[in-house]
Amino acid sequence: MKINDVILQTATKLVLFVIILFSIHLFFAGHYYPGGGFIGGLMTAAAIVLLLLAFDLKTVAKILPFDFKKVTAIGLLFAVGTGAGALLFDAPFLTHAFTDAYLPLLGKTSLHTAVLFDIGVYLVVIGVTLTIIQTIGESE
Amino acid sequence: MLETVVQFALLCIAIAMLGLIYRLVKGPTVPDRVVALDALGINLIAVIALVSIILKTNAFLEIILLIGILAFIGTVAFSKYLEKGVIIERERNS
């Protein structure tokens with residue numbers, strides 16, 4: 001018997017974007033409110049897991065053609081790079097700096113290099129979670 | 001006044017959660033337990049909302065959405081396991 005899960009797939013197509021927007025909000029709110037790279041990455045991974053549940057491994061690999069081990073590596077590179085970037089300015093390792101910039105649309109914005117470190121955490125969490133889930137899903 | 005009302009509502013939700021835990025322990029079939037777990041998650045959302053009213057903080061509002069999403073994904077995963085035997089398929093046969 002062929003099982004037709006059209007309700008699940010349609011609901012997934014709508015809910016997926018809400019979850020991804022929520023994870024982006026959690027990621028960028030991390031400096032002033034609860035949230036940050038870790039929980040933001042976990043929510044993005046949860047959105048992709050929902051996509052895996054509604055569809056299958058092959059379709060998701062076609063939608064998101066990333067090797068998630070490489071995503072982990074790029075995240076670690078971001079974290080180490082922001083730490084090592086401080087060495088160029090004669091400061092100790094992992095010294096962070098911030099500046100107030102006037103962006104065209106956003107107005108006065110405080111830009112902090114800790115966000116780049118947080119992007120590293122975000123990518124590592126997504127990469128590790130999805131590598132684990134895809135590896136378990138592919139084994140028989 | 002508001003605090004009394006919120007505490008009474010918390011008491012009511014605690015009683016409801018006890019009933020759901022009874023269904024979780026006793027439930028004769030697996031789908032009974034899955035539905036009980038889903039409803040426990042929803043009641044947990046209500047508890048968090050009421051506790052954040054008592055503590056006069058809005059630091060927990062993200063947790064509400066978080067538990068809603070996690071309860072949905074967990075229930076979908078469990079019902080797919082019960083229906084098809086696998087949670088993540090390799091390739092759909094369609």
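Trainee: How much space lies in the largest pocket?

Mentor: This is a predicted model, in which local features need pLDDT of at least 70, side-chain atom pairs count only at pLDDT 80 or more, and totals for chains, interfaces and linings use all residues. Residues are numbered from 1 along each chain as its sequence is written, chains are lettered from A in the order in which they are written, and side-chain values use heavy atoms, with hydrogens and water left out. A pocket is an open set of points, on a 1 Å grid over the protein atoms alone, where a 1.4 Å probe fits, with protein on both sides within 12 Å along at least five of seven lines. The volume, the space filled by probe spheres set on the points, is about 360 Å³.

Trainee: Which element gives the largest share of the lining of the largest pocket?

Mentor: Lining residues have an atom within 4 Å of a point, and the largest pocket has 14 of them. Elements that give two or more are α1 (6-28), β2 (107-112) and α5 (114-138) of chain A; helices (H or I, at least four residues) and strands (E, at least two) are DSSP runs, numbered from the N terminus. The largest share, four residues, comes from β2(A).

Trainee: Is B:Ser52 buried or exposed?

Mentor: B:Ser52 lies in helix α2 (residues 30-54) of chain B. Its relative accessible area is 8%. Buried means under 20%, exposed over 50%, and partly exposed in between, with a 1.4 Å probe and protein chains only; therefore B:Ser52 is buried.
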